[in-house]
Amino acid sequence: MTTADKRDTPSWDPLDTRVADRLRADIIDAAAARIAKGPLGDSDAISAAPVLFKAAASLAGMPAATMKVATDWTLGLWKSSYAATARAFGTKVDGVPLTRDKRFADASWTDNAGFFWLREQFELWQKATHDLLDAADLDAKEREKARFIVQGLLDAMAPTNFPGTNPAVLKRALETNGQSLVKGLQNMVDDIRHNEGQPRQVATGVHEIGRNLGITPGKVVFRNDLMELIQYSPTTDTVHEIPLLFSPPWINKYYVMDLAPGRSLVEFAVNNGHTVFLISYRNPDESMRDVNMDDYLISGPRAALDVVTDITGAEKVNLLGLCLGGTLTMATLAYLDLQGDDRINAATFLNTLIDFSNPGALGVFTDEASVTKLEKSMRKTGFLSADSMRKTFDALRANDLIWNYVVSNWMLGQDPPAFDILTWNADSTRMPAAMHSFYLRSCYLDNRLAQGTMTLAGQQLDISKVEQDLYFLAAEQDHIAPWQSSYAGARLTAGNVRFVLSNAGHIAGIVNPPNPKSKHWVLAEEARSEQRELPESAAEWRAEATLVPTTWWLDWADWIGARAGGQVPPPPLGNDEHPVLGDAPGTYVLG
């Protein structure tokens, strides 16, 4: 931990009334600032009230179903109370079945009768609420939203989130003579006052773009109103003749693909002899309110292709897209096909949704009511704020990205960690209003790209005619692009597809350099030789796939290497038509 992250921690003396007065004043100021924003902070962004009211009204007319849930809960209460009582007298008796939950990793949750009983009551409460929602007369999307909302409330009320019912917090308080609680309270007040009431996830001042993040050497060789194009310096004597263009998402900044030395996919590709170009998008402001998805296609990958082929002289380019950048990559392939432009040789898709029929947890934020409310908000500013994006993604993994830090920062009195991925995660971007509205409606609501009805730049896109070799990488714990949904999209094209499943989640599945924990699944070559097309279902593919105990990076290196042509001398960095404009990471990423 560096000095830059240390908070202004006074020498706390519980008997010093001046310190108590200062702390009391800070709490009052913090509370006033929070109240000024309203009891719920932001507005009901996912339109929770209607679906919860519908569930409640439905259950009110179903006495038999609610009685069954109440009966099951009562029986569980008696069973858990009996087990806890027996444990208090030294006899280990099982209570109700417990779920695997890392929040309850402390041994006291099983060894101490009181904490054991508390955990069991939480489990019973959680099961009863979900049983009620399962019984309510809701359609599939309403039920998913209701479960998400209720689970969020349950997670907030977990006994681990309160000092008096968290054994780890109590132990730490005893070890520090209460100083951990005082420091935690100070952290909480500071976060309420200066971080919109959210616990800080990462130490500040430790990682910085251009200093120890995004530092693979390269030059900016092109810039327009939407993006900068970076060309990376070669590290090998010769390079593949077909260059590689990275298409990152603009929902976050590009450097997740060039995170840090040894953890950078860009660096890995350069060291494997690829001439790598990468798009770095501008962080939108109000002036870009009318920028649409068409603009991102034409002024993004389409413009970048012209620059790449002009600088390298190559007739073909390999394309790699991540997340939303991957969705745009597929749209680009279909668009170029309609133009008779065959410059894309092969394409890689990392944690990308093409088929949005089952978008996972993000679906609760992208129904008609939620999108309409969001559009109304964006009309006022011309963009979706970076803060809104961050809070949405935090809500999808609230236990890891919110409550975990409530416990560590506010109750254990710890400082947030220094972690490169969390630094990147906090460096969110805005989204132009017109583009974001089009994206949500065309993809999440109408699923037009998968159905062949999306129109971009005047062309109706038909991805079923995309014939290039494609590499799809998904992550088994991805909560943003569920791997089964990514798999469904991988089956929609006419090309030969290699589908690979990595361990970890949406980001850690990408930042996956060689390490002992890395692994991936892929169809064995003999299975692939028998059937060019992927199995019909994701479950069938998983049953046939082979576990490989290494990172997918190595598998991809072989795949892309075989599709990158022969060896040639490295091209120059820029040329007369596209001169060097500055060093990587450029200027747009700093905005």
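What is the relative accessible area of Asp 469?

Author: Happy to! This is a predicted model, in which local features need pLDDT of at least 70 and side-chain atom pairs count only at pLDDT 80 or more, while totals for chains, interfaces and linings use all residues. Numbering starts from 1 along each chain as its sequence is written, and side-chain values rest on heavy atoms, with hydrogens and water left out.

Asp 469 has a relative accessible area of 27%, which makes this residue partly exposed (buried is under 20%, exposed is over 50% and partly exposed is in between, with a 1.4 Å probe and protein chains only). Its salt-bridge partner is Arg 563, and the closest N and O atoms of the two are 3.0 Å apart (a salt bridge needs a side-chain nitrogen of Lys or Arg within 4 Å of a carboxyl oxygen of Asp or Glu). Asp 469 sits in strand 12 (residues 469-475) and Arg 563 in the loop between helix 21 (552-561) and strand 16 (567-568), so this pair ties together parts that are 94 residues apart in sequence. Helices (H or I, at least four residues) and strands (E, at least two) are DSSP runs, numbered from the N terminus. Arg 563 is partly exposed as well, at 22%.

For context, the model holds 37 salt bridges by this rule. Arg 302 is partly exposed at 22%, and Asp 306 is partly exposed at 34%.

Another pair, Glu 123 and Arg 119, meets at 3.7 Å, N to O. Both belong to helix 5 (residues 113-135), 4 residues apart, and both are buried. Elsewhere, a network of salt bridges links Glu 196, Asp 387, Arg 390, Lys 391 and Asp 394.

A pocket, on a 1 Å grid over the protein atoms alone, is an open set of points where a 1.4 Å probe fits, with protein on both sides within 12 Å along at least five of seven lines; lining residues have an atom within 4 Å of a point. Of the 25 lining residues, Arg 397, Ile 421, His 479, Ile 507 and Ala 508 lie nearest the centre. Helix 15 gives the most to the lining, with 4 residues.

One last stop is a pairing of strands. Strand 1 (residues 218-223) and strand 2 (residues 227-232) run antiparallel over 5 bridges, where pairing takes at least two DSSP bridges between two strands. They form a hairpin with 3 residues between them, and Gly 218 stands opposite Tyr 232 of strand 2. Strand 1 is also joined by 2 bridges, again antiparallel, to strand 17 (residues 582-583), where Gly 582 is the bridge partner of Val 220.
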